[in-house]
Amino acid sequence: MWTYIARRLAATVPVMGMVALVVFAILHLTPGDPAAIIAGDSATVAQLDQIRIHMGLDKPMYVQFFLWLVQLLHGDLGVSLISGVSVSGMIAGRVGPTLALSTTIIVFSVIVAVPLGVLAAWRQGTLVDRSVTAFSVLGFSVPVFVNGYLLILLFSVVLGWLPVQGYKPLSAGFWPFLQRLILPTLALSTAYIALIARITRTSVLEVMNEDYIRTARAKGLNECSVLIHHALRNASVPIITIIGLGIAQLISGVVVTESVFNLPGLGRLVVEAVLARDYPVIQGLILLFSFAYILINLLVDVLYTLVDPRIRY
Amino acid sequence: MSEDVERSIFALVDSSLETQVSVEPSRLVPLVHLRRTLGAPPVLMALALLAIIALIAIFAPLLATGNPIAIDPSARLQHASSAHWLGTDAFGRDMYTRIIYGSRISLLVGLGASLTSVVLGLLMGTIAGYFRLLDSLIMRIMDGVMAIPGILLAIALVTLSGASLLTVVVAITIPEIPRVVRLVRSVILGVRNEPYVEAAIALGTPLPALLLRHMVPNTVAPLIVQGTFVFASAMLTEAGMGFLGVGLPPEIPSWGNIMAEGRTYFQLMPGLILYAGVFLALTVLSINVLGDALRDALDPTLSRKL
């Protein structure tokens with residue numbers, strides 16, 4: 001088990017290296033001179049040269065990549081061109097809302113979607129099943145910002161139950177904190193509920209015809225116990241996989257959702273950095289999100305052993 | 001984890017997620033099955049909706065009641081009327097006309113991204129699947145691209161290379177390519193050891209003919225399915241980027257840009273966001289329904305599972 005985790009951890013190193021290479025290539029090989037973008041329109045040629053030397057842009061590409069990699073390995077993501085603050089410091093300051101929103105979305109989606117999927121599989125072909133299936137196609141298709149604005153319109157503008165936008169940290173009290181997360185969570189959860197419910201339904205359906213389900217029923221277990229302990233347990237591997245993949249996709253959704261609801265998280269930071277053309281911040285955030293994705297995938301693989309003892313490494 | 005378990009999990013997950021991985025070569029599908037799957041009422045409705053939206057896009061100049069970018073300061077933020085069927089935006093531009101023209105942009109982005117990703121993915125996937133030496137190199141690059149969240153990669157690419165229709169399509173296409181490559185590679189790997197491929201090799205079939213005539217045709221069915229999902233996902237990404245203000249240049253009336261401009265006046269006139277949003281959601285929904293149906297029709301083994 002531990003050797004497996006160590007081996008998998010080691011296997012993530014080349015992928016992370018590849019991500020770093022891709023990010024580096026994007027920033028250095030796309031048309032457009034970074035020095036010119038940083039210097040602005042009014043810069044003279046001498047100023048441009050100065051910036052190039054300062055940023056090491058005059059060195060050969062592979063030297064630049066190597067120097068940047070060494071810097072990264074020291075945990076140094078560089079310094080914002082706009083504010084002069086370190087990128088890691090900026091990330092630390094903005095990570096709160098993003099973590100809070102991601103957590104509520106995952107918890108809420110799983111709580112809603114897994115029972116929905118099991119229910120649909122259990123009552124296959126009925127109205128319940130068809131509604132869940134229809135919802136799972138619909139949930140994929142409505143963009144999160146359309147969802148979000150519909151929710152704002154209903155709950156904030158018409159009913160006036162919840163604040164329109166904004167964020168309060170947990171230190172400001174639990175209810176003010178949660179209150180501002182409800183709508184963003186609902187808006188973005190729709191897609192995940194659709195995704196997870198669909199996979200849950202499919203994988204539970206797959207095991208429902210197995211002999212052990214018939215045995216469990218034959219020995220007089222109630223349906224609830226059959227569904228949870230025998231069907232769901234055996235169907236859990238693909239469900240966990242999809243939840244893991246969902247977290248990875250969550251990042252893209254969070255960027256948009258934070259803008260809709262004006263949450264000052266990493267998603268807003270991405271948009272601000274892009275609009276300001278703040279290179280090191282864009283670069284740092286892409287790396288952070290990609291590494292998070294790789295580590296989540298690793299975590300999911302390790303989780304398999306816990307839920308399904310048949311899987312041995 | 002054993003290879004088998006892993007493969008079956010990913011086949012299941014991918015097929016339901018967005019991708020359809022069919023390791024087995026596709027077989028001739030009985031026409032009856034195809035007709036039954038594609039003839040289901042929801043699928044027919046989706047096809048009809050798509051046909052309507054395509055017609056709207058093609059005949060936009062005839063259907064529109066004016067110029068999508070003509071500014072009229074005397075008619076700002078008007079509600080729906082006989083002169084402006086869906087009202088006007090903050091610049092006095094006719095919303096109905098803008099949304100009609102917006103369908104052109106959205107469909108163009110979807111079509112461009114799906115065709116490009118399928119062509120490039122087919123090329124790279126075939127190379128990776130057949131030439132073992134290049135396989136790990138290509139797949140490691142794909143792993144790297146896949147780990148980067150798609151919308152972030154697209155936003156970074158557009159920011160750096162300047163916003164235009166071309167750069168947006170390219171930027172949306174690149175994150176979609178790895179999935180297509182994986183799909184094509186798995187099909188090619190799957191048919192490599194089929195007797196008919198071995199027979200073709202034994203007969204001395206030249207490599208281009210071997211690949212084009214015997215191996216690549218197997219990828220057509222899954223690629224059609226994958227292409228529809230890329231189409232839908234590209235339209236959503238374009239709208240998301242436009243909405244964030246980092247997509248197409250603001251003067252292009254794409255659905256994403258229309259919604260982005262509606263944000264300021266949303267509480268006053270929700271229609272500025274919602275009308276375009278409804279069009280986008282309906283189009284994406286129809287494409288997804290069609291994609292699901294095509295997958296079921298082209299791969300009967302999978303449809304029994306789903």
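**Confidence, chain A**

I started with pLDDT, since this is a predicted model. Chain A averages 80, and 94% of its residues reach 70 or more. The lowest mean, 67, belongs to helix H2 of chain A (residues 34-39), while the highest, 87, goes to helix H5 of chain A (residues 87-122).

**Chain A, overall**

I counted secondary structure next: chain A has 13 helices and zero strands. Reading along the sequence, I get α-α-α-α-α-α-α-α-α-α-α-α-α. I boxed the C-alpha atoms of chain A along the principal axes and got roughly 85 × 55 × 35 Å. For burial, I find that 37% of the 313 residues in chain A are buried. I also checked contacts in chain A between residues at least 6 apart in sequence, and 72% of these join residues at least 24 apart.

**Asp129(A)**

I picked one residue of chain A to follow up. Where does Asp129(A) sit? I find Asp129(A) in helix H6 of chain A, which covers residues 127-141. Asp129(A) has 17 C-beta neighbours inside 10 Å, so I log it as partly exposed; buried would take 20 or more, exposed 12 or fewer. Which residues does Asp129(A) touch, leaving aside neighbours within four places in sequence? I get Ala120(A), Arg123(A) and Gln124(A). I also took the distance from Asp129(A) to Trp68(A): they are 61 residues apart in sequence, and C-alpha to C-alpha they are 53 Å apart in space.

**Chain B, overall**

Chain B has 14 helices and zero strands, and its pattern along the sequence reads α-α-α-α-α-α-α-α-α-α-α-α-α-α. Taking contacts in chain B between residues at least 6 apart in sequence, I see 71% joining residues at least 24 apart.

**H12(B) against H13(B)**

I wanted one helix pair in detail. Two packed helices are described by the angle between their axes and the distance between the axes. Helix H12 of chain B (residues 255-262) packs on H13(B) at about 155°, with the axes 8 Å apart. Angles over 145 degrees count as roughly antiparallel, so I put H12(B) and H13(B) down as roughly antiparallel to each other. I noted the handedness too: the crossing of H12(B) and H13(B) is left-handed.

Which residues make the contact of H12(B) with H13(B)? From H12(B) I list Trp255(B), Ile258(B), Met259(B) and Gly262(B). From H13(B) I list Leu272(B), Ile273(B), Ala276(B), Gly277(B), Phe279(B) and Leu280(B). I sorted the residues of this contact by type: eight are nonpolar, two polar and no residue is charged.

**Where the chains meet**

Last, I looked up the contact between the chains. I count 52 residues from chain A and 48 residues from chain B. On the side of chain B that touches chain A, at least two residues come from each of helix H1 (3-17), helix H6 (132-147), helix H7 (150-161), helix H11 (220-244) and helix H13 (271-298) of chain B. Which helix gives the most to that side? I find H13(B) does, with 10 residues. I sorted the residues on this side of chain B by type as well, and they split into 33 nonpolar, 11 polar and four charged.

How values were computed:
Residues numbered from 1 in each chain as written. Chains lettered and ligands numbered in written order. Predicted model: local features only at pLDDT ≥ 70, side-chain atom pairs only at ≥ 80, totals over all residues. Contact = placed C-beta atoms within 7 Å. Helix = DSSP H or I, 4+ residues; strand = E, 2+ residues; numbered from the N terminus. Nonpolar A, V, L, I, M, F, W, Y, C, P; charged D, E, K, R; others polar. Axes fitted to C-alpha atoms, helices over the stretch in contact; angles between N-to-C directions. Parallel < 35°, antiparallel > 145°, perpendicular 65-115°, else oblique. Left-handed = near helix turned anticlockwise from the far one by under 90°. pLDDT = per-residue confidence, 0-100.
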